[in-house]
Amino acid sequence: MEYVLETNNLEKKYKDLKVLNHTNIHIEAGAIYGLIGKNGAGKTTLIRIICGLQKPTNGSYTIYGVNNNSNITNIRKRIGAIIETPSIYGEMTARDNLIEQYQLVGMPNFDGIDDLLKLVGLSNTGNKKAKNFSLGMKQRLGIAIALAGSPDFLILDEPINGLDPQGIIEIRELILKLNKEKRITILISSHYLDELSKIATHYGFLDNGSIIKEISSKELMKRMEHKLILKVNNPKEFVKYFEEHNITYEVMDSKTINIYGKYNLSKFINELSKKNLIADEIHEQEESLENYYMNLIGGSKND
Amino acid sequence: MIKLLNAGFTRLRKNKVFWLLTLFSIGLALFMTYMGYNNIKRYGDTIEVEQYMLNYSTMVGVVIAIFTSLFLGIEYSDGAIRNKISIGHKRTNIYLSNLIITTITSLFSYILFLIVIASVGIPLFGMITMPISKLIMLIGCIFITIIAYSSIFTFLVMIISNKTITAIISIMLSFGLMFAALSCLNVLQAPRFIESASITNGETGDIEMVKEPNPKYPSETKKKIYKTLLDINPAGQMFQIAGRTAPNLKILPIYSFGIIVVFTGVGLILFKKKELK
């Protein structure tokens with residue numbers, strides 16, 4: 001499968017500090033890819049590299065099949081991006097900012113500007129300078145600027161940081177609209193997991209510079225339906241049993257195994273005991289994205 | 001590159017700093033001619049309009065430093081450079097387009113000053129007395145030095161990337177270059193002998209003027225070094241052009257050209273390697 005974006009063992013070092021460590025992500029066309037990670041996990045560094053602001057220390061990436069070691073600059077014309085803060089000239093109006101961007105991307109005329117302003121809900125800002133906009137308005141103008149070249153791939157780094165609830169809803173609806181109506185592939189990084197869970201079709205979990213899990217939202221939803229957490233002394237025997245019975249599981253650490261799906265607890269324990277598999281503890285849990293993420297990074301640390 | 005220049009000039013037209021620079025050039029020219037006219041009326045001075053045309057060159061470095069650091073500094077603080085790279089513009093083109101825009105604006109500012117001085121000054125002070133070819137040569141040298149100044153300050157903005165720090169360093173550097181040039185001129189213009197008075201007869205109080213070698217008079221080697229430093233320094237070039245004291249005017253554009261090549265070359269190499277945030 002050809003991905004919109006694929007990274008291969010991407011590494012970024014600042015002197016002795018490894019910010020990205022063999023990072024591999026795969027973004028399919030049409031996806032809204034939620035890049036999840038705590039502050040300092042490497043999300044922004046990864047985005048900076050993809051956007052050409054920084055060079056990887058090792059590894060490579062491809063955008064629409066074009067490798068970063070070849071003519072990647074040209075393919076970036078298919079990208080629109082907001083990296084950390086939107087690129088806006090504060091002294092200019094929303095319209096003037098878009099005129100500037102239209103010239104930068106080489107649009108033949110300014111016909112689409114009114115539609116773009118309408119799309120992001122900034123039609124009525126008139127002569128108001130962008131520096132006097134609210135954070136949400138700036139963020140929406142940033143998205144309009146990123147959309148000026150009709151990109152196929154939109155990169156949004158922490159687009160809802162600092163926004164009020166109304167602003168968050170507006171950005172969320174805009175992202176969904178762009179993905180559904182304009183078929184734009186979107187990479188969105190955030191640590192607002194609840195918000196991401198409302199829009200993302202795929203997730204990549206980044207921890208300590210490495211992608212520890214990539215999962216589609218469908219698969220994640222299945223796993224999030226129900227979960228049994230087993231504390232065991234002999235995980236190998238349990239794993240063998242789960243493999244034989246096609247049970248979705250995940251070894252979290254040397255004594256903890258998670259089972260995903262809905263099970264009748266007493267029947268399940270009974271089945272296990274028939275095979276002499278006795279768990280020290282069994283907890284039933286309904287998982288949220290937040291729980292899933294916390295378990296994932298906890299698990300990865302104990303691997 | 002054309003797209004970058006189009007967008008850059010569009011931004012320039014909407015930029016406050018550019019309009020302040022334009023007003024400053026016109027205002028300074030009007031102020032200088034007004035002061036000159038006053039001097040004619042009060043003291044009967046004779047004024048050469050061409051001298052006024054050349055005088056602005058001595059301070060144009062400071063003006064270029066302020067304009068370049070404020071106009072281009074925004075490119076980093078507002079995230080414009082990030083945006084330009086992420087939508088597929090080459091770093092070389094970004095650097096060169098910024099250099100072209102600041103250079104053209106700085107030249108425009110000087111040309112505007114010249115136009116105002118000529119259109120107001122000539123009717124007030126009379127025609128240019130210097131041979132036109134000589135004046136064109138001097139102004140041509142000023143233009144090349146303006147490009148050299150632009151290349152230095154564009155280099156600083158594109159490499160430092162912090163608007164406030166760039167503005168401080170650029171302005172300090174422009175003044176520093178002026179003071180360095182004045183120091184060089186001071187050394188070079190030191191007289192070979194100095195006169196000191198000594199009393200030959202204590203009772204009558206007769207005074208004899210004695211010529212003594214000036215200890216601060218530079219040696220030939222020192223002179224060569226200071227002269228070269230003065231010629232390389234854009235502020236030194238401007239002082240010599242405005243004072244019409246450059247013995248070898250043709251050498252100055254060569255030094256300016258060297259500054260342009262070195263600063264732009266090194267700037268491009270560093271900017272291409274620069275890790276942007």
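**View 1. Helix α7 of chain B, from end to end.** In this predicted model, helix α7 of chain B covers residues 132-160, which makes 29 residues. At 1.5 Å a residue, a helix of this length should span 42 Å. After the helix comes B:S161, a residue with a positive phi, near 70 degrees.

**View 2. Confidence along chain B.** The mean pLDDT of chain B is 88, and 99% of the residues score at least 70. Where in chain B is confidence lowest, and where is it highest? The lowest mean, 76, belongs to strand β1 (residues 193-201) of chain B. The highest, 93, belongs to helix α11 (residues 251-273) of chain B. For the complex, the predictor gives an ipTM of 0.78 and a pTM of 0.80.

View 3. Is A:R48 buried or exposed? A:R48 has a relative accessibility of 9%, and because buried means under 20%, A:R48 counts as buried. The side chain of A:R48 makes a polar contact of 3.0 Å with the side chain of A:E84. Leaving out residues up to four places away in sequence, A:R48 touches A:Y14, A:L53, A:Q54, A:I83 and A:E84 in chain A, and B:L276 and B:K277 in chain B.

**View 4. The area buried between chain A and chain B.** The size of an interface is often given as the accessible area lost when the parts come together. Here the buried area is about 2600 Å², and carbon and sulfur atoms give 51% of it. In chain A, the residues that lose the most area to chain B are A:L53, A:Y89 and A:L104, together 26% of what that side buries. The contact involves 33 residues from chain A and 29 residues from chain B.

**View 5. Polar contacts and salt bridges between the chains.** Between chain A and chain B, 17 residue pairs are in polar contact, counting pairs with both residues at pLDDT 80 or more. Three salt bridges are found across this interface. One of them joins A:D96 and B:K14, with the closest N and O atoms 3.3 Å apart. On the side of chain A that touches chain B, β1 (5-14), β7 (79-82) and α3 (94-105) of chain A each supply at least two residues. The largest share of that side, seven residues, comes from α3(A).

Terms used
Residues are numbered from 1 along each chain as its sequence is written. Chains are lettered from A and ligands numbered from 1 in the order in which they are written. Side-chain values use heavy atoms; hydrogens and water are left out. Helices (H or I, at least four residues) and strands (E, at least two) are DSSP runs, numbered from the N terminus. The expected span of a helix is 1.5 Å times one less than its number of residues. pLDDT is the predictor's confidence in each residue, from 0 to 100. Buried means under 20% relative accessible area, exposed over 50%, partly exposed in between (1.4 Å probe, protein chains only). A polar contact is a pair of N or O atoms within 3.5 Å; within protein, one must be able to donate a hydrogen and the other to accept it, and residues adjacent in sequence count only if both atoms are side-chain atoms. Contact means heavy atoms within 4.5 Å. Buried area is the accessible area (1.4 Å probe) that two parts lose on being put together, summed over both. A salt bridge is a side-chain nitrogen of Lys or Arg within 4 Å of a carboxyl oxygen of Asp or Glu.
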